[in-house]
Every structure is written in structure tokens, then in C-alpha cells.
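Here is a short walk through one protein model. Keep the sequence and the 3D view side by side as you read.

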Amino acid sequence: MYTQRFVNDQRRNESFHKNRYDIILSMDRQTFFLALLTLLCWGIGAFIAKLAANRIGGQSIFWDTVGYAITAVVFSLFIFKPSYLFSSDKLGVTLAIISGAIGSFGGLGFYLLMARKDASVVAPLTALYPALVAVLAFIFLRESLTLIKVFGIILATAAMVLLSL
């Protein structure tokens, strides 16, 4: 009887671990593919931004914004219910609008740089913003900044310098 219970416990334990690891692997794949999609979209978008900036200069800022706005509106209306979009959390909406405004200034700087410099220099120089996010999140949101993350920021900075040479 004890042996049978032990075997059943082992099977349940193995099943639990198998299901848990399947979920973790599944989430990791989803995260990986979403990150890969983001990387591809941003990389190809930055390349096309350089082509646009070479042809129409500063006008590319306006047309990029038009493309972004259309995509964001269509996506949001397709995915979210209108009642969800117009949240009652006024501070959250205000923060999102401020984020968009500040990000737009970053986009302006990106396009102005693309019109003046090589894409192989501009893209790496402007791509280090996630390191700033990590530092700000550490300072203001009390998120962890482990030694590994600090080392990653140092390596990313080194990569940025090497890529822009």
C-alpha cells in the first residue's frame, strides 16, 4: 500500500513538473517570438526610415507619424472594446499620453539623425534606451538591477560604441 501511494505520488509529481515546464517553455517561446518580431519590425522600420530620410529629409518625421497613428488606431479598434480604451484611470491615460509625446521627441531626433548620419551609426546610438529604462525602473520603481543586468548594460554600451565606429 505504501509503495503504491509512493508510485502515485511520484507520477503526480512528474506530471506536475512536466506541465509546469511545458507552460514555462511555451511562455518562453511566445516571449522569444514576440521579441524577435519586435526586433525585426524595429530593425526593418529603422532601415526604411533611413531610406525615407534620404529621399524626403525632415518630412519623413510627419509621414512616419501618420503611419504609426493609422496602425495604432486600427490595431486598437480591432483588438480592444471602446469602453476599454477610454479607461476611467485618468492618471494612466495621462501617463500614456505623456509617454507618447516624449517618445515622439525621440522619434524626431531619430529622423533628424537619420537624415544627417549613416544608419549604421544612428541605430546603435539610439538603441541603448532600454538601459536607461532599466536604471530609471531601479531608481523609481524599485525594480531589481542585478549584477548580470549591470553587466548587460555595460556590454550593450560597448556594443553601441563598437557598432558606431
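**A walk through the model**

Val 150 has a relative accessibility of 31%, so Val 150 counts as partly exposed. The cut-offs explain the label: buried means under 20%, and exposed means over 50%. Keep in mind that this model is predicted. Val 150 sits in helix H7, which covers residues 147-163. Now look from Val 150 to Ala 131. The two are 19 residues apart in sequence. In space, their C-alpha atoms are 8.8 Å apart.

Next, go to helix H1, residues 2-56, and find Lys 50 there. Lys 50 is buried, yet Lys 50 has no salt bridge. Which side chain of opposite charge is nearest to Lys 50? That is Asp 118, 5.2 Å away. A salt bridge needs a side-chain nitrogen of Lys or Arg within 4 Å of a carboxyl oxygen of Asp or Glu. Asp 118 still touches Lys 50. So do Met 114, Lys 117 and Ala 119, with residues up to four places away in sequence left out of the count.

Now turn to the aromatic rings. The structure holds six aromatic pairs. One of them joins Phe 62 and Trp 63 in an edge-to-face arrangement. Two values are given because a pair of aromatic rings is described by the distance of the centres and the angle of the planes. Are Phe 62 and Trp 63 buried or exposed? Both are exposed.

Last, pick out Phe 75, Phe 80 and Tyr 84. These residues form one aromatic cluster.

Note on methods: Residues are numbered from 1 along each chain as its sequence is written. This is a predicted model: local features need pLDDT of at least 70, side-chain atom pairs count only at pLDDT 80 or more; totals for chains, interfaces and linings use all residues. Side-chain values use heavy atoms; hydrogens and water are left out. Helices (H or I, at least four residues) and strands (E, at least two) are DSSP runs, numbered from the N terminus. Buried means under 20% relative accessible area, exposed over 50%, partly exposed in between (1.4 Å probe, protein chains only). Lys and Arg count as positive and Asp and Glu as negative; His and the chain ends are not counted. Contact means heavy atoms within 4.5 Å. Rings of Phe, Tyr and Trp (its six-membered ring) pair if their centres lie within 6.5 Å; planes under 30 degrees apart count as stacked, over 60 as edge-to-face and the rest as tilted.
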